[in-house]
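Here is a walk through one protein chain. Keep the sequence and the 3D view side by side as you read.

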Amino acid sequence: MKNALITGASRGLGLALARQLAQNGWGLVIDGRGKKALEEARELLSAKTKVIAISGDVTAESHRKKLLKAAQELDGLHLIVNNASLLGPSPQPQLLGYPLDVLEDVYRANVIAPLAIVQTLRSAIKPDACIINVTSDAGIEAYGGWGGYGSSKAALEHLLRSLSCPRTCSIRGVNDECCSFIEYRIFPAS
Ligand SMILES: NC(=O)c1ccc[n+]([C@@H]2O[C@H](COP(=O)([O-])OP(=O)(O)OC[C@H]3O[C@@H](n4cnc5c(N)ncnc54)[C@H](OP(=O)(O)O)[C@@H]3O)[C@@H](O)[C@H]2O)c1
């Protein structure tokens, strides 16, 4: 049995990925801050596979330690999907007026936490594991008004490329008025 940790899997893309992996028999560790939605996701996924749901915030060290325990309980991870993310204020403030304490929160959730998860769970990551960080087209193109979130995703992309993991890749969510699609980009082993 293969096992994955997907952060932010109580809804959206994280839940969709979790459902697909559960369908294919993967054991799962999932998280999300809201307990109710996470429990609903756990119930849904449990019909297909073994699921450990840990409610909490990826930015908290105590939560990441619980994720490590859960990963050990599943006998290690073949995949980590760093999906949980913070968009920041809506509408997005221009950088010159961006509240810096909020920008710190965005970077803490989108850049520091994904690395911290890999660091904390390192001992439970299988040698041939894959790490996927979910980024954004806003991390590639500099859209006016998206500099806070976009630059955090750009930092995440760079961090991913610098990680000396066996296999890393990014999933870039892209959204505009007409369509919504996901671009996949595989980075070679470094
Ligand atoms: N939707 C788009 O159009 C789009 C476009 C480009 C990129 N993306 C990227 O795609 C990813 C998923 O987006 P989405 O639209 O599916 O998001 P979403 O529907 O808002 O779901 C986010 C998930 O992450 C959880 N979460 C948020 N902050 C968390 C935290 N600090 N700790 C733990 N869990 C947390 C949420 O649950 P709680 O709130 O209960 O914690 C929820 O389960 C994100 O990385 C996003 O940046 C999305």
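Are α4 and α5 roughly parallel or roughly antiparallel to each other? Before the answer, some ground rules. This is a predicted model: local features need pLDDT of at least 70, side-chain atom pairs count only at pLDDT 80 or more, and totals for chains, interfaces and linings use all residues. Residues are numbered from 1 along each chain as its sequence is written.

Now the helix pair. Helices (H or I, at least four residues) and strands (E, at least two) are DSSP runs, numbered from the N terminus. Helix α5 spans residues 147-162, and its axis comes within 9 Å of the α4 axis. The two axes cross at roughly 20°. Axes are lines fitted to C-alpha atoms, for helices over the stretch in contact, and angles run from 0 to 180 degrees between N-to-C directions. Angles under 35 degrees count as roughly parallel, over 145 as roughly antiparallel, 65 to 115 as roughly perpendicular and the rest as oblique. So α4 and α5 are roughly parallel to each other. The contact draws on residues of α4 including Leu103, Tyr107 and Leu115, and on residues of α5 including Tyr149, Leu156 and Leu159. Here, contact means that the C-beta atoms of two residues, placed from the backbone, lie within 7 Å. In this pair, α4 passes α5 in a right-handed crossing. A crossing is left-handed if the near helix is turned anticlockwise from the far one by less than a right angle, and right-handed if clockwise.

Helix α4 (residues 100-120) also packs with helix α3 (residues 61-73). Their axes are 9 Å apart, at an angle of about 45°. That angle makes α3 oblique to α4. Arg64, Lys65, Leu67 and Leu68 make the contact from α3, with Ala116, Ile117 and Thr120 from α4. The crossing of α3 past α4 is right-handed.

Lys65 lies in helix α3. The C-alpha atoms of Lys65 and Thr120 are separated by 6.8 Å, though the residues are 55 apart along the chain. How exposed is Lys65? A residue is buried if 20 or more other C-beta atoms lie within 10 Å of its own, exposed if 12 or fewer, and partly exposed in between, with C-beta atoms placed from the backbone. Lys65 counts as partly exposed, because it has 13 C-beta neighbours inside 10 Å. Lys66 is also found in helix α3. Lys66 is partly exposed, because 17 other C-beta atoms lie within 10 Å. Leaving aside neighbours within four places in sequence, Lys66 is in contact with Ile54 and Gly56.

Step back to the whole chain. The protein has 5 helices and 7 strands. Along the sequence they follow the pattern β-α-β-α-β-α-β-α-β-α-β-β. Of the 190 residues, 38% count as buried. Among contacts with a separation of 6 or more, 61% join residues 24 or more positions apart.

What sits inside? In soluble globular proteins, nonpolar side chains tend to be buried together. The largest nonpolar core here has 44 residues. Such a core is a set of buried Ala, Val, Leu, Ile, Met, Phe, Trp, Tyr and Cys residues joined through C-beta atoms within 7 Å. Ala18, Leu28, Ile30, Leu77, Ile80 and Leu121 have the most contacts inside the core. Beyond four places in sequence, Ile30 touches residues including Ile6, Leu38 and Val51.

Asp75 is in the loop between α3 and β4. Its phi is near 70°, a positive value in a residue other than glycine. Asp75 is exposed, because 11 other C-beta atoms lie within 10 Å. Met1 lies 9.6 Å from Asp75, C-alpha to C-alpha, across 74 residues of sequence. Met1 is found in the segment before β1 (3-6). Pro91 is found in the loop between β4 (77-82) and α4. The peptide bond from Ser90 to Pro91 is cis, with omega near 0°.

Finally, confidence. pLDDT is the predictor's confidence in each residue, from 0 to 100. Its mean over the protein is 89, and 86% of residues reach 70 or more. Over residues 175-181, pLDDT stays under 50, and the model has 2 contacts beyond four places in sequence for them. Residues 184-190 also stay under 50, with 13 such contacts.
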